Structures are given as structure tokens and as C-alpha cells.
Amino acid sequence: MVVLTLAYAITTILILCSNRRTNNLAKQQIELYKQQLEEEFSPYIIYAFKRNGDFLSFSIRNEGRGTAENTQVIINKINDLIEIIDKEEKTPLFDSFKNNLLFLKTKNFSVLPKQELNFCIGLFDTRLIKEFIKISPIQVAAMFTYKGKKKSLSAISIDLEILNNYTNDTDEANLILREISSSLGELNNNIKYTR
């Protein structure tokens, strides 16, 4: 009887040890799952200089599922960009370019999921863009808060020289449509109507 009780006690202790290990593994899996959920629902910020029609803009887009709060953009040559704009003639348009850069330099803002913010900072085919390209490449980084935690994005280098070679999507589409129209016109002229 003593041997049976001892065997029962040892088995119970082994079961408790096994349950404790299983419990620890379950806790680790839960923590991993929480981290995966946090990553899946956190903001994913993308930024770039791009051409919108005749305007150069700085674009910030949130591709994630969470809101990026207190977003701050850090552009290493922003003061140089502002100085270039200051050298231009004083017009409301150029003042708005300067104000957009000052906003990026001094303000924090929120970017909602799937939201894109565009800050117009210049006109194409002007001396302004040529001056911007001269100070290229530009280092850009960002910081934001998500659920009370500060996150920062690594700095990337953006070479504005690529904007010289950039063509507007609408221009390309119009060119293709003209080629198609011209081909259809030639085809129509070559068709012989028979009765």
C-alpha cells in the first residue's frame, strides 16, 4: 500500500511539472500572438517625394491598420529647401510651399489607416526644382506614437535627381491613347467596304 501511495505521489508530481511546462509554453505563445497582433494592426508609414501633375509634393502614407499619432517627419535639409523657396519671388503659391515645409518641420500630426497626406512644396519646370535637385540626396526619417509607444523609422536617402526623368502617368496614358487612335484611324482607312 505504501508503494502504491508513493507511486501515486510521484506520478502526481510529474503531472504537475508537466502542466507547469505546458503552462509556460502557452504563456510564451500568447505573448508571441500578442506581438503578431500588434504588428499586424500597427501603422506602416511610407514617405516619398513625388510628382502630382505639375507639383512636387512630399507624401506620407499609412499602409497599416493602426493610426500613427504624433507623427513627426525629420528632413535633414529642410532648412535648405526653405531657403531656396525664400529666394524665389514672393507669391501666395510659393508662400504655401514654404508653409508646408514649416509645418513638416515644426508640427506633429496623425495619419489614419490607409490615409495619404501630400504636402505640395514646389512646381515642376521651374528653377525651384533644379535648386532642390542640387542639394539632393535628402535624408528623411519619421517618428510616431502607437498605443502610447514611440516608434521611429530608419532614415532613408531620397535622390531628387530621379524626378527629372519622371513622367506623369496621365501624360503616358494620353500618349498611348493617341497611338491607339492613330492606329485605329489607319486601320479604318485600310478597310474596304463590300456589299
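Mentor: We'll take the helices, then a surface patch, then some backbone angles. Keep in mind that this is a predicted model.

Trainee: Okay, α3 then. Which residues are buried there?

Mentor: F94, F97, L101 and L104 are buried in α3. Seen down the axis of α3, its buried residues fall within an arc of 80°, so they line one face of the helix.

Trainee: And what's on the other side of α3?

Mentor: P92 and T106, and they are exposed.

Trainee: What do the buried residues of α3 pack against?

Mentor: Quite a list: β2, β3, α2, β4 (109-111), β5 and α4.

Trainee: What span should α3 have, and what are its end C-alpha atoms doing?

Mentor: α3 has 15 residues, and at 1.5 Å a residue they should span 21 Å. The end C-alpha atoms are 20 Å apart, which agrees.

Trainee: You mentioned α4. Which of its residues are buried?

Mentor: α4 covers residues 127-134, and L128, I129, F132 and I133 are buried in it. Looking down the α4 axis, the buried residues fall within an arc of 135°, so they line one face of the helix.

Trainee: What covers the buried residues of α4?

Mentor: The cover includes β2 (55-62), α2 (78-87), α3 (92-106) and β5 (116-123).

Trainee: Switching topic. Which residues make the nonpolar surface patch?

Mentor: L6, I10 and L14 make it, and the patch is about 300 Å².

Trainee: Where does I10 lie?

Mentor: In helix α1, which runs over residues 2-40. I10 is partly exposed, with a relative accessible area of 45%. That value counts as partly exposed because the exposed label needs over 50% and the buried label under 20%.

Trainee: Now the backbone. What is the phi of N70?

Mentor: Positive, about 50°, although N70 is not a glycine. N70 is found in strand β3, residues 68-75. The relative accessible area of N70 is 44%, so N70 is partly exposed.

Trainee: And K147, what's its phi?

Mentor: Near 55°, a positive value, and K147 is a residue other than glycine.

Trainee: Where is K147, in a strand or a loop?

Mentor: In the loop between β6 (138-146) and β7 (149-158).

Trainee: Is K147 buried or exposed?

Mentor: K147 is exposed, with a relative accessible area of 61%.

Definitions and conventions:
Residues numbered from 1 in each chain as written. Predicted model: local features only at pLDDT ≥ 70, side-chain atom pairs only at ≥ 80, totals over all residues. Heavy atoms only, no water. Patch = residues over 30% accessible without salt bridge, like charges linked within 9 Å, V, L, I, M, F, W, Y side chains within 5 Å. Areas by Shrake-Rupley, 256 points an atom, 1.4 Å probe, with all protein chains shown as cover. Salt bridge = Lys/Arg side-chain N within 4 Å of Asp/Glu carboxyl O. Helix = DSSP H or I, 4+ residues; strand = E, 2+ residues; numbered from the N terminus. Buried < 20%, exposed > 50% of the residue type's maximum accessible area, 1.4 Å probe, protein only. Arc of directions from axis to C-beta. Contact = heavy atoms within 4.5 Å. Expected span 1.5 Å × (residues − 1).
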